[in-house]
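Please load the model in your viewer and keep the sequence panel open beside it. The stops below go from the whole chain to a single residue.

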Amino acid sequence: MSALFWFVFASTVVALIAMAIGIIAPAKAMGQAICTALESLARQPEAEKSLTRTLFIGLAMIESLAIYCLVIVLIVLFRNPLLEYLLK
């Protein structure tokens, strides 16, 4: 098997691992944020508006991390700059 095959294979495996880690971490953070928000809401129901607004902003920031990870993995898989170097 050629070096090109092994390079593409290794890139794919690393991209899959990166995507798995890049999804697990934000999912865990989202679960923790929602759990903490529900606990806070149970203790102080009058703070619902400010808590909800802050929670949604925080969840959007956490979700953006997963989206950035997806974009980088797609770049590595479909437009790998190292592959162009290998083909020269």
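Begin by selecting the charged side chains: the mean positions of the 6 positive and 5 negative charges of the protein lie 8 Å apart, where Lys and Arg count as positive and Asp and Glu as negative, with His and the chain ends not counted, and where each charge is placed at NZ of Lys, CZ of Arg, CG of Asp or CD of Glu. This is a predicted model, in which local features need pLDDT of at least 70 and side-chain atom pairs count only at pLDDT 80 or more, while totals for chains, interfaces and linings use all residues. Residues are numbered from 1 along each chain as its sequence is written, and side-chain values use heavy atoms, with hydrogens and water left out.

Now select Ser 11, which lies in helix α1 (residues 3–43). Is Ser 11 buried or exposed? Ser 11 counts as buried because its relative accessibility is 13%, buried meaning under 20% relative accessible area, exposed over 50% and partly exposed in between, with a 1.4 Å probe and protein chains only. Finally, display Val 76, Leu 77 and Asn 80, with which Ser 11 is in contact once its neighbours within four places in sequence are left aside, contact meaning heavy atoms within 4.5 Å.

Note on methods
Helix = DSSP H or I, 4+ residues; strand = E, 2+ residues; numbered from the N terminus.
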